[in-house]
Amino acid sequence: MTQADFVVVANRLPVDRTPDGEGWRRSPGGLVTALEPVMRSAEGAWVGWAGQADVTVDPFDFDGTHLVPVTLSASDVQLYYEGFSNDTIWPLYHDVIAEPTYKRAWWDAYVKVNQRFAQAAADVTADSGIVWVQDYQLQLVPKMLREMRPDLTIGYFHHIPFPAYGLYAQLPWRKQVLEGLLGADVIGFQRVADAGNFARAVRRQLRYETKASGILVPDAEGGTRVALAKAFPISIDAESYIELAQKPEIQQRAKEIREGLGNPRKILLGVDRLDYTKGIRHRLKAWGELLEDGRASVEDATLVQVASPSRERVEAYVQLRDEIEMTVGRINGDYDTTTHTAIRYLHQSYPREEMVALFLAADVMLVTALRDGMNLVAKEYVASRIDNRGVLVLSEFAGAADEMGSALLINPHDIDGLKDQIMRAIDMPAAEQGRRMRALRKRVRDHDVEDWSQDFLEALSVFHEKSSRAAAEQITRDDDGSTPEREPIDETDAG
Ligand SMILES: O=P(O)(O)OC[C@H]1O[C@H](O[C@H]2O[C@H](CO)[C@@H](O)[C@H](O)[C@H]2O)[C@H](O)[C@@H](O)[C@@H]1O
Ligand SMILES: O=c1ccn([C@@H]2O[C@H](COP(=O)(O)OP(=O)(O)O)[C@@H](O)[C@H]2O)c(=O)[nH]1
């Protein structure tokens, strides 16, 4: 079997099996967007699921990365992926926007599947190698892997929020999950607040001592080791978006998009997986009311909403789709004319080239998430705006808000405030657009996905070379942090 010195373990491979079983297509979501460029230059292996039940494929090479598929049965998909990952952890960690379901059979499946991923990673990693585990579907893997392979250096990155203690405490398996994560040497979060929430949960539940970003964890020999828990905000491959935005054919496509919409004065854009965390309902409500109030008209502005299909068998997602499609139908019925539309709704998934054309066509980008780990779309929009024009309306509840204070920050729950900021974005003078957009673009270019992975892997490599205590001390001492542009927003802590 081929072994690698550097191994990524994620729920998904970067590509999914196509439904006809013949080929492969890019997997959905920001995790894959972020890790793809990292892996292309790392010559490592990637352990993950091929996106369909009961598909068993031998390891293969794809785009310079060795892919190691993990098989999930239909029951695993239902209990581990749709159940525990996306109907327990996902809503709980996104501040209970939807009600989490706690089922013991789902937990049992989660443990079993995490064990399978840990075994696959243990098998494919060379002696003293580095393993980087990704995200909430695999929170138990770090501890399992450490027990199987104490020679490895283990990192974990958490792409979604880590909730305040008062919410986290609901989880019946709260201790096991914390212990699972603490199997890693470095545990990365999107925001400073997430790392703080995690450290608090560890203190409250496990009674472990924490000091700055270090956590003292009992080890197998009866001593203690230090694990590091801190923020490493993820980013994008900014240059690749700039390159696409410079291409004449993509600029031409942006013009066609505008013409296809009847050349409205302004185009507003939303791009999200169809997920209740993304605040699509709030956005539609605000836009519908602006049309109703007469503050906006369809000749003046059109909203293009890409809502890409996601987790389509989870009930909360089925309901959300029904609600959104009914609302879009109502608004369009009330306000469309034969030449202009209020909302161009697209329940589809587009390749990156089309995304950039949409970004270039959009005068206003609406990111109204109720809670979001980061939201890469916000960063992709500003990177693509090579003309330094356009306005980003950004929710305070998206991780991106910590770094993007020059956007128009909004609270999506405050519909009147959101309406005012949408109008402000529509009417913003070019000079102000330029000033804000330049600051946003500078931040994204100065901290791209390579900086993110380098920062994380450098922290991890210190653990590779030194004792955990010496490593934690050095990292805390050297910490220049990816300093956010402004203070993170306060987190409510009911605990
Ligand atoms: O794999 P799926 O169930 O189809 O979901 C897609 C991905 O969604 C989530 O993305 C998160 O990661 C992004 C990059 O760090 C971040 O910007 C975003 O805020 C997060 O929601 C999920 O965390 C991934 O595991 C999924 O693959
Ligand atoms: O039709 C689509 C919709 C989205 N995306 C990409 O999917 C990712 C979404 O990442 P984000 O962090 O915004 O949210 P997530 O879906 O991971 O929660 C971004 O890279 C988008 O450009 C895409 O390629 N095609």
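Residues are numbered from 1 along each chain as its sequence is written, and chains are lettered from A and ligands numbered from 1 in the order in which they are written. In this predicted model, local features need pLDDT of at least 70, side-chain atom pairs count only at pLDDT 80 or more, and totals for chains, interfaces and linings use all residues, while side-chain values use heavy atoms, leaving out hydrogens and water.

Most residues other than glycine have a negative phi. Helices (H or I, at least four residues) and strands (E, at least two) are DSSP runs, numbered from the N terminus. Asp135 is buried, at 5% relative accessible area, where buried means under 20%, exposed over 50% and partly exposed in between (1.4 Å probe, protein chains only).

The whole structure contains 24 aromatic pairs. Rings of Phe, Tyr and Trp (its six-membered ring) pair if their centres lie within 6.5 Å; planes under 30 degrees apart count as stacked, over 60 as edge-to-face and the rest as tilted. The rings of Phe84 and Tyr110 have centres 4.5 Å apart and planes at 45°, so the pair is tilted. Because Phe84 lies in helix 2 (residues 74-93) and Tyr110 in helix 3 (residues 104-124), this pair ties together parts 26 residues apart in sequence. Phe84 is buried, with a relative accessible area of 0%. Tyr80, Phe84, Trp107, Tyr110, Phe117 and Trp173 form one aromatic cluster.
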